[in-house]
Amino acid sequence: MENTNQFLGTERVGKLMRRYAVPCIISLLVGALYNIVDQIFIANASYLGSYGNAANTVVFPLTVVALAIAVMIGDGCCAFVSISLGKGEVGEARKSVGSAVVLSVASSLVLTALYLIFADAIISMFGGTVNEETFHYAQEYFFYISLGIPFYMFGQAMNPVIRADGDPRFAMISTLAGAVLNIILDPIFIFECKWGMMGAAVATVIGQVLTAVLAVWYLRHMKVIKLDKSSFRLDGKLIPKFLVLGLTSFLAQISLVVSMAAVQNMCMKYGAKDPVFGQPEYAQIPLAVLGIVMKFFQIAISIAIGMAAGCIPIAGYNIGAKKTDRARALFSKLLLAEFIVGAVALVIVEVFPLQIAMLFGAANESTYYADFTVKCFRTYLCLMPLATLNKGTFIYLQALGKAFASTAVSMTREIIFGVSLPVILPVFFGLDGLLWSFPAADLLTFLIAAFFIRQTYRELSDVSAVHTEEET
């Protein structure tokens, strides 16, 4: 079969980056909108308010667990397919896609069962016991979200596979269609039908079903990789090869869950010691506000991850084709773009924090809600440019097949710094220490990422020089 992805090794790097990164960014932004839109409508429903907002924050990390498994399968398969196509090994690419389909379905069913069986214990682990109202709303929201996990994971896992097949636009459209449907249904179910948290969750699941259905359609009409029945036979030797390439994506997401669990529990613990938030009627505010800030961060980081993930097929193909000079040029453009995204996000959170808070129902809450939101935005996200650079770096290292370096940067940020600092700093500074833990973690991580950035440039330059000598 002819490899129709050869343009990845000849087209201008900047043009390829725009072609692949923009749809990927939109896909991730749209995916992020599922939870964000839910929270906006929930926060502005007077009968839910900050209690529903806090419940949404509690459940959010649990959707990230599902995403972690899905992106390990999808991103790993995407990288493997891109490298295989660069080498002209279409058969290996086809078998990896079939295996990815089977793994995503099987793992999603297992996770759904675990969520339904251990729902109350899981909700408690992520701060859902801050008060009775929050726990009740979290239970309701989590139950229906759990039912949609198989559709969510399948759609997210197939999205990078579709990009690897050479159609980032369809990957974008399939995710966009589900999110638009969610946006349409949310106000109907929450405000008109008065279904509360159930309405928000059901709207989300219906959108996820649509995305999954479109992914199934594409798998039956792939451009480069034509699937047949034999493609869906699990290959014990092949699966580890592509899963290890997606391991960094998994660890990045799952470590974020661990970090969020630490942050949310510390938020509940030290919020109870605060003169204001220690009062029962205000106890849910820090958790609700933290969720808002995380949602804005998710928007900015989705752009950063989208740019880097969009570069995976390009980098993988050129590494497989031994065109390391193009991989180096792509890395330079990516790092610059990541910094710009972080800088723009920083300006927004420093200048317009109150306006963002108003989107999430601040007008319906006490002044403590708005004041803490402004403080949280300006402190928690004050080093956004470093956060986006860190994300872009470890994802691009993954695309180059540098699993150890990629994992080291990711795990250091989310586990070592992301867990230890939220636990240690509040001991001395209370809730303020929790807010400062985030930028401190980004600063320390960047010092490590800078080492790997320099090393990667040097290696790509050395390999490029060797290839040039061989050609001459």
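Tutor: Gladly! The lining of the largest pocket has 4 nonpolar, 2 polar and 3 charged residues. (Ala, Val, Leu, Ile, Met, Phe, Trp, Tyr, Cys and Pro count as nonpolar, Asp, Glu, Lys and Arg as charged, and the others, Gly among them, as polar.) This is a predicted model, in which local features need pLDDT of at least 70 and side-chain atom pairs pLDDT 80 or more, while totals for chains, interfaces and linings use all residues. Residues are numbered from 1 along each chain as its sequence is written, and side-chain values use heavy atoms, without hydrogens or water.

To find the pocket on your screen, look for Phe80, Ile83, Ser84, Lys87, Glu89, Glu92, Leu245, Ile319 and Gly320, which line it. (A pocket is an open set of points on a 1 Å grid over the protein atoms alone, with protein on both sides within 12 Å along at least five of seven lines; a cavity is a set where a 1.4 Å probe fits but cannot get out; lining residues have an atom within 4 Å of a point.) The volume of this largest pocket is about 160 Å³, counted as the space filled by probe spheres set on the points. Two helices, α2 (49–87) and α11 (312–320), each supply at least two residues of its lining. (Helices are DSSP runs of H or I, at least four residues, numbered from the N terminus.) Of the elements, α2 gives the most to this lining, with 4 residues.

The structure holds 4 cavities of 30 Å³ or more. The volume of the largest cavity is about 850 Å³, and 46 residues line it, with Leu67, Gln253, Gln298, Ser302 and Ile305 closest to its centre. Those five names are a handy way to find the middle of the largest cavity on the screen. Helix α1 provides the largest share of the lining of this cavity, 8 residues. Sorted by class, the lining of the largest cavity has 26 nonpolar, 15 polar and 5 charged residues.

The second largest cavity holds about 70 Å³ of space. Around it you will find Leu256, Phe297, Ala387, Asn390, Lys391, Phe394, Arg413, Glu414, Phe438 and Asp442. The elements that give two or more residues to this lining are α15 and α16 (403–471). Its residues divide into 5 nonpolar, 1 polar and 4 charged. Two of the lining residues, Arg413 and Phe438, also meet as a pair: Arg413 lies over the face of Phe438, at 4.6 Å from the ring centre. (A charge sits over a ring if NZ of Lys or CZ of Arg is within 6 Å of the ring centre and within 35 degrees of the ring normal.)

Let's finish with α15, one of the helices beside that second largest cavity. Helix α15 covers residues 384–399, 16 residues in total, and reaches 23 Å from its first C-alpha to its last, close to the 22 Å expected at 1.5 Å a residue. (The expected span is 1.5 Å times one less than the number of residues.) Helix α15 is mostly covered, with 16 of its 16 residues buried, that is, under 20% relative accessible area with a 1.4 Å probe and protein chains only, where over 50% is exposed and in between is partly exposed. Just after α15, Gly401 takes a positive phi of about 85°.
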